[in-house]
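Trainee: I would like a close look at a single part of this model. Please take me through the ligand site.

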Amino acid sequence: MGRLQKILIPLLGLVLAFWFYSARENFKPEMLKGKRVIVTGASTGIGEQIAYHLARMGSHILITARTEAKLQKVVRRCLELGAASARYVGGTMEDMAFAQHVVSEAQASLGGLDMLILNHVGASYFGFFDGDVEHVRKLLEINFLSYVAMTTAALPMLKESEGSIVVVSSMAGKVGFPFTVPYSATKFALDGFFSSLRQEFSIQNINVSITLCILGFIDTDRAVRAAAEVLREVPAPRDECALEILKGAALRRRELYYRYSSTRLPLLLRDCAAELLDYLVRSRYRLPAAPGTPRPPL
Ligand SMILES: NC(=O)C1=CN([C@@H]2O[C@H](COP(=O)(O)OP(=O)(O)OC[C@H]3O[C@@H](n4cnc5c(N)ncnc54)[C@H](OP(=O)(O)O)[C@@H]3O)[C@@H](O)[C@H]2O)C=CC1
Ligand SMILES: CC(C)CCC[C@@H](C)[C@H]1CC[C@H]2[C@@H]3C(=O)C=C4C[C@@H](O)CC[C@]4(C)[C@H]3CC[C@]12C
């Protein structure tokens with residue numbers, strides 16, 4: 001036993017020291033200076049905050065969402081904050097041709113692309129699954145298929161720049177949560193598509209990073225309105241969340257967890273104590289109303 005300890009403890013120390021000093025590069029805002037970046041769903045919420053951080057770091061920014069009046073305001077603010085350039089394209093991600101059009105705008109106006117940040121989500125409800133199959137189809141188109149369409153269209157430019165794809169997902173894309181059935185399906189689909197694509201990039205020596213962002217509850221207006229009363233969870237700040245997403249993206253991480261304590265740690269239970277995790281998740285909810293009770297919109 002004594003001899004085992006004498007060998008094991010220094011060995012563990014060596015492994016930890018190697019991990020700390022060799023693998024962990026530090027983030028510097030200059031990493032994103034001059035980079036050409038698309039941010040979807042940037043009229044509000046986390047996407048808007050991502051645009052402002054990029055602006056402070058001096059990136060070229062192309063934002064998109066449906067509400068043009070909001071996009072105009074975000075572009076103006078980005079220019080005030082120091083963006084190298086800022087522009088927007090308005091339209092809906094229900095339309096795959098529009099998704100592809102946004103990418104061609106980057107080619108036309110920026111001459112290429114370094115980072116594609118896929119962040120938009122269509123409206124859904126926070127409540128028991130209501131059996132509306134058409135809603136599930138529509139949400140899959142907005143939250144999943146348009147991500148696939150944009151990635152496919154952007155790949156030639158991203159290969160050229162050895163750039164990055166950032167996919168904003170959720171804890172609800174890793175484990176089952178009550179009240180998010182259609183939404184959760186779209187987020188799980190993203191994990192399947194992008195984790196598989198990452199493997200193929202590796203086999204084909206394609207140097208395009210894919211960062212899947214696993215977020216917990218964030219204090220955006222829509223999320224707080226929909227879920228704050230039901231959840232025993234304090235939402236995390238959206239500006240800090242946006243910065244963590246950019247750090248993970250710049251460092252080409254495969255997955256990013258925010259906040260760590262309410263995402264990565266509970267997920268450790270997923271493979272060894274799934275039922276315990278399910279129970280802990282349910283315990284974070286205030287008791288639901290009976291099925292059929294009107295729900296707030298999400
Ligand atoms: N907030 C949270 O608690 C959590 C959020 N996330 C993820 O973070 C990301 C951002 O969420 P959050 O900031 O809260 O979302 P918001 O609801 O605040 O913003 C959603 C954005 O998507 C745009 N959008 C909505 N529908 C469409 C559409 N049909 N076509 C194009 N754009 C559309 C909206 O603009 P417009 O209406 O103008 O089109 C808006 O810019 C999402 O991927 C979400 O799943 C993950 C975990 C938790
Ligand atoms: C194991 C626990 C400690 C972690 C709890 C985290 C819970 C509370 C987190 C994880 C995923 C989060 C949902 C999400 O991803 C996106 C949205 C869309 C938004 O418009 C409305 C809110 C909603 C439904 C979030 C609600 C809060 C959820 C369930």
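Trainee: How far from an oxygen atom of ligand 1 does a backbone N or O atom of Ile218 lie?

Mentor: The distance is 2.9 Å, between a backbone N or O atom of Ile218 and an oxygen atom of ligand 1. A word on the basis. This is a predicted model, where local features need pLDDT of at least 70, side-chain atom pairs count only at pLDDT 80 or more, and totals for chains, interfaces and linings use all residues. Residues are numbered from 1 along each chain as its sequence is written, and side-chain values use heavy atoms, without hydrogens and water.

Back to the backbone. A polar backbone atom of Ile46 is 2.9 Å from an oxygen atom of ligand 1. For Gly41, a backbone N or O atom lies 3.1 Å from a ligand 1 oxygen atom. The protein buries 92% of the 890 Å² that ligand 1 exposes when taken alone (Shrake-Rupley method, 1.4 Å probe).

Now the shell. Ligand 1 is surrounded by 30 residues (a heavy atom within 4 Å). Arg66, Thr67, Tyr183, Thr220 and Arg222 are the closest. By class, the shell holds 12 nonpolar, 14 polar and four charged residues (Ala, Val, Leu, Ile, Met, Phe, Trp, Tyr, Cys and Pro are nonpolar; Asp, Glu, Lys and Arg are charged; the others, Gly among them, are polar).

Next, the elements (DSSP runs numbered from the N terminus: helices are H or I, at least four residues; strands are E, at least two). At least two shell residues each come from α2 (45-56), β5 (164-170), α6 (181-203) and α7 (221-227). β5 gives the largest share, three residues.

Notes:
Chains lettered and ligands numbered in written order. Polar contact = N/O pair within 3.5 Å; in protein donor to acceptor, adjacent residues only side chain to side chain.
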